[in-house]
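These are my notebook entries from a first reading of the structure shown below. I wrote down each thing I looked up, together with what I found.

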Amino acid sequence: MSIEETLEWDGELTVTRFDRETGAWFVIRLDSTVLGPAAGGTRAAQYPTLDAALADAGKLAGAMTLKMAVSNLPMGGGKSVIALPAPRKDIDPKSWTRILEIHAENLNKLNGSYWTGPDVNTNSADMDVLNDTTRFVFGRSIERGGAGSSALTTAIGVFEAIKASAHHRGLGTLDGLTVLVQGLGAVGGSVAALAADAGARLLVADTDRERLGHARALGHTVIEPDDVLTTRCDVFAPCAMGGVITANVASNLDCAVVAGAANNVLADEYAGEILNKRGILYAPDFVANAGGAIHLVGREVLGWSESTVHERAVGIGESLGRVFAISDAESSTPEAAAKKLAAGRAQQVSSASVGA
Ligand code: NAD
Ligand code: PPY
């Protein structure tokens, strides 16, 4: 790929830095600051190439813009990717602290046009470390004055999304339905527990076998990670990583609803069209998983109480209802309908500021 192809992107800003000592690449992408300073988490992972890290940061930043807009939050969209030289678990603590320090220095250079928070492989303790060097960080621990982990609020929103989607698809309540959760991490574990409490039969999968013991004890059926995309279920809840639904997967999935926590679940727009044609209702990820942003921005920017944050996360069910109504009325995919809602909000804010 040429440098032009690598960097060709419709967002506002790309920042990259390499640190020879730790071997880490740092990427920050600001997709949009139209609705407010860009915000979105820091993902630490291994990437096959710098191109792949840049592409992931760009797609994730774009999803944050949409998430903030549909959730009526006064922030834009951005994301950070730290491309690690080894799996996160193999990075020694001293190197990891240095990596976080460098990332914090980069955030300071952006001077508040981008605020970060936790994402895959970063947590509140890491946000506390960033906060030793920068103030542009959400999701510090509660002891350090932050909003703490957003995982439960995200799970509550995803659970509401699952219920609203099952209802819209004509499946009724979750009682007796089969829900397949891919990824029993911080969010997926709670989604599984909430769905089980609502009477669903749970199928669960995780590549980390240590995460499965608790699920087994609760009576959930464990399936192999490789069987997830071919196992029959009513609701498929992807709560691990993005890009799981390719066009080929969409043509073969054996379920009625897809609603989960992972960002950028659809590998491309075409996959969404195939799901739609096959009558599989897809809850757009940036609507379903907005609970995390609601938690962090609600608590730390808007000063919302815990109960307001909870109400707003529960409101994700109603937001999805609006998305499905537009999609039905316009015979569009739910993804296209949700993007239209997001664009309407950006338009409203722009017109209001022109009139001010
Ligand atoms: P996590 O790291 O705690 O959990 C992810 C789980 O998925 C882990 O247990 C991991 O072992 C498992 N996994 C990875 N690959 C897998 C595979 N191929 N098959 C089955 N399991 C696999 O992360 P999390 O905080 O629970 O977040 C899950 C997803 O939700 C991520 O994509 C994240 O970006 C997204 N998300 C999280 C939040 C939040 O508040 N935490 C908010 C919005 C979106
Ligand atoms: C996400 O929701 O995907 C995030 O990245 C979490 C987040 C939300 C808002 C600010 C910072 C991080």
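**Entry 1: the site of ligand 2**

How far does a polar side-chain atom of Lys-67 lie from an oxygen atom of ligand 2? I looked this up first, keeping in mind that the model is a predicted one, and found a separation of 2.8 Å between the polar side-chain atom of Lys-67 and the ligand oxygen. I then turned to Lys-79, where a polar side-chain atom lies 2.7 Å from an oxygen atom of ligand 2, and to Asn-263, where the corresponding distance to an oxygen atom of that ligand is 3.2 Å. On the question of cover, I noted that ligand 2 taken alone exposes 320 Å², of which the protein buries 95%. Around this ligand I counted 14 residues, and those that come nearest are Gly-41, Met-64, Lys-67, Lys-79 and Asn-263.

**Entry 2: the site of ligand 1**

Next I asked which residues come nearest to ligand 1. There are 23 residues around ligand 1, and the nearest of them are Thr-154, Val-187, Asp-206, Arg-211 and Ala-240. For Val-187 I found that a backbone N or O atom lies 2.8 Å from an oxygen atom of ligand 1, whereas for Asp-119 it is a polar side-chain atom that lies 3.3 Å from an oxygen atom of the ligand.

**Entry 3: the parallel sheet**

I then followed the strands of an open sheet, which has 6 strands paired in parallel, in the order β9-β8-β7-β10-β11-β12. Its edge strands, each pairing on one side only, are β9 (221-222) and β12 (281-282). Helix α6 (residues 186-197) packs on this sheet, where it touches β7 (178-182) and β8 (201-205), and the direction of α6 makes about 165° with that of β8.

Strand β10 pairs with β7 in the parallel sense over 4 bridges, and Val-179 stands opposite Val-235 in β10. Towards β11 (residues 257-258), strand β10 (residues 235-238) is joined in parallel by 2 bridges, with Phe-236 standing opposite Val-258 in β11. Are the faces of β10 covered or open? Both are covered, as Val-235 and Ala-237 on one side and Phe-236 and Pro-238 on the other are all buried.

**Entry 4: β2 and its partners**

Why can I call strand β2 largely enclosed by the rest of the structure? The reason is that 8 of the 9 residues of β2 (residues 24-32) are buried. Strand β2 pairs in the antiparallel sense with β1 (residues 13-19) over 7 bridges, and in that pairing Thr-14 has Arg-29 of β2 as its bridge partner. The hairpin of β1 and β2 has 4 residues between the strands, and in it Gly-23 takes a positive phi near 80°. I found that β2 also pairs with β5 (residues 76-83), antiparallel and over 7 bridges, and that the bridge partner of Trp-25 in β5 is Ala-83.

**Entry 5: helix α4**

For α4 (residues 124-131) I listed the buried residues, which include Ser-124, Asp-126, Met-127, Asp-128 and Leu-130, and I noted that the buried residues of this helix pack against α3 (93-110). The N-terminal end of α4 is capped by Asn-123, a side-chain oxygen of which lies 3.1 Å from the backbone nitrogen of Ala-125.

My last entry concerns Ser-327, found in helix α13 (residues 316-330), and Ala-346, which has its place in helix α14 (residues 334-355). Ser-327 counts as buried because its relative accessibility is 6%, under the 20% cut-off, and apart from its neighbours within four places in sequence it is in contact with Ser-332, Thr-333, Pro-334 and Ala-337. Ala-346 is partly exposed, with a relative accessible area of 23%.

Definitions and conventions
Residues are numbered from 1 along each chain as its sequence is written. Chains are lettered from A and ligands numbered from 1 in the order in which they are written. This is a predicted model: local features need pLDDT of at least 70, side-chain atom pairs count only at pLDDT 80 or more; totals for chains, interfaces and linings use all residues. Side-chain values use heavy atoms; hydrogens and water are left out. Two strands pair if DSSP finds at least two bridges between them. Contact means heavy atoms within 4.5 Å. Axes are lines fitted to C-alpha atoms, for helices over the stretch in contact, and angles run from 0 to 180 degrees between N-to-C directions. A residue is near a molecule or strand if one of its heavy atoms lies within 4 Å of it. A polar contact is a pair of N or O atoms within 3.5 Å; within protein, one must be able to donate a hydrogen and the other to accept it, and residues adjacent in sequence count only if both atoms are side-chain atoms. Accessible areas come from the Shrake-Rupley method with a 1.4 Å probe; for residues, only the protein chains shown count as cover. Buried means under 20% relative accessible area, exposed over 50%, partly exposed in between (1.4 Å probe, protein chains only).
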